[in-house]
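Open the model in your viewer and keep the sequence panel beside it. The stops below give a selection each time, followed by what is there.

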Amino acid sequence: MKEKVQEAWSKKPLIIGGPCSAETEDQLVSTAQRLAATGKINMLRAGIWKPRTKPGMFEGIGAKGLPWLQKAKALTGLPTTVEVATGKQVEDALNFEVDVLWIGARTTVNPFSVQEVADALRGVDIPVLIKNPINPDLELWSGAVERVARAGIKQIGLIHRGFSSYGNTEYRNAPMWHLAIEMKRRNPDQIIINDPSHICGRRDILQETAQKAIDLDFDGLMIESHIDPDNAWSDAKQQVTPERLAEMLSSIIWRKEDV
Ligand code: PEP
Ligand code: MN
């Protein structure tokens with residue numbers, strides 16, 4: 001699996017697909033199988049612990065979803081990635097052989113949390129993706145990268161998921177593309193992928209946003225996909241079926257050198 005992860009990481013574009021949240025074993029495994037059948041993604045994502053803005057919402061299935069992810073990997077051959085926000089979550093994810101970890105936008109804003117995750121990663125050989133913080137602060141984003149790098153993690157990637165602002169806007173999280181471009185300029189050795197799902201917060205502008213990222217030479221995409229998007233337990237408005245995701249990816253005009 002390590003070789004598969006390396007291949008996915010280094011071969012442009014890196015396409016990560018999967019549900020916002022793991023909900024049930026069947027939902028996760030079916031999503032993974034339908035995504036794998038399209039032949040268009042090279043890594044499976046699923047939220048196991050969900051940092052929700054308000055209490056009382058679905059906060060993730062927790063560690064009991066990790067064996068489901070293992071099963072999805074065994075059946076599809078897709079490497080897996082999950083969000084981790086605490087040392088315990090890192091430990092649990094590693095125990096269940098998650099292949100790549102990612103730090104979410106609500107964690108990147110908090111140096112204490114980032115440091116806790118980084119400390120749990122000391123001596124571990126695993127690639128880590130770091131989302132931008134929810135606020136447009138490149139220093140905070142860079143600080144998180146530095147903390148993880150200082151813990152000895154060699155492969156670090158960046159995920160641009162947009163920045164929150166007050167009130168209703170076209171986007172759920174404003175892309176502020178120039179900030180992602182500047183971060184890429186400052187970190188030429190790291191890959192940067194785009195997460196149009198959390199930028200858009202809706203399905204209808206997902207494709208054009210993904211296209212923009214590819215036009216701007218991002219190294220890949222992370223897009224949420226669910227077998228029954230309207231009934232998803234989190235982020236229902238922005239998820240697409242595996243088949244719709246494949247259609248979208250087929251319609252994107254890729255940079256010649258990427259395909
Ligand atoms: C997610 O990827 O489901 C998520 C919670 O994203 P973000 O950290 O970008 O809000
Ligand atoms: Mn989500």
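This is a predicted model. Begin by selecting helix 7, residues 138-150, together with helix 8, residues 177-186. The two pack at an angle of about 40°, and their axes are 11 Å apart. Angles under 35 degrees would count as roughly parallel; at about 40°, helix 7 is therefore oblique to helix 8. Their crossing is right-handed. To see the contact itself, show side chains for Leu 138, Trp 141 and Ser 142 on helix 7, then for Leu 179, Glu 182, Met 183 and Arg 186 on helix 8. By class, this set holds four nonpolar residues, one polar residue and two charged residues.

On the helix 6 side, pick Pro 111, Val 114, Gln 115, Ala 118 and Leu 121; on the helix 7 side, pick Gly 143, Ala 144, Arg 147, Val 148 and Arg 150. Six of these contact residues are nonpolar, two are polar and two are charged.

Next, select helix 2, residues 25-38, and helix 11, residues 242-251. Which angle and axis separation describe this pair? The angle is about 30° and the axes lie 9 Å apart. That angle makes helix 2 roughly parallel to helix 11. Helix 2 passes helix 11 in a right-handed crossing. From helix 2, the contact uses Thr 31, Arg 34, Leu 35 and Thr 38; from helix 11, it uses Pro 242, Glu 243 and Ala 246. The classes are three nonpolar, two polar and two charged.

Eight strands form a closed barrel in the order 1-2-3-4-5-6-7-8, and the pairing is parallel. From one strand to the next, the twist averages 25°.

Select ligand 1 and display the residues around it. The shell consists of Cys 20, Gly 47, Pro 51, Gly 104, Ala 105, Arg 106, Lys 131, Arg 161 and His 198. Colour the shell by class to find three nonpolar, three polar and three charged residues.

The last two stops concern the backbone. Most residues other than glycine have a negative phi, and most peptide bonds are trans. Select Lys 12 and Pro 13: the peptide bond between them is cis, with omega near -10°. Pro 13 sits in the loop between helix 1 (2-10) and strand 1 (14-18).

Then move to Asp 217. Asp 217 belongs to the loop that runs between helix 10 (206-215) and strand 8.

Conventions. Residues are numbered from 1 along each chain as its sequence is written. Chains are lettered from A and ligands numbered from 1 in the order in which they are written. This is a predicted model: local features need pLDDT of at least 70, side-chain atom pairs count only at pLDDT 80 or more; totals for chains, interfaces and linings use all residues. Two strands pair if DSSP finds at least two bridges between them. Helices (H or I, at least four residues) and strands (E, at least two) are DSSP runs, numbered from the N terminus. Axes are lines fitted to C-alpha atoms, for helices over the stretch in contact, and angles run from 0 to 180 degrees between N-to-C directions. A residue is near a molecule or strand if its C-beta atom, placed from the backbone, lies within 6 Å of it. Ala, Val, Leu, Ile, Met, Phe, Trp, Tyr, Cys and Pro count as nonpolar, Asp, Glu, Lys and Arg as charged, and the others, Gly among them, as polar. Angles under 35 degrees count as roughly parallel, over 145 as roughly antiparallel, 65 to 115 as roughly perpendicular and the rest as oblique. A crossing is left-handed if the near helix is turned anticlockwise from the far one by less than a right angle, and right-handed if clockwise. Two residues are in contact if their C-beta atoms, placed from the backbone, lie within 7 Å.
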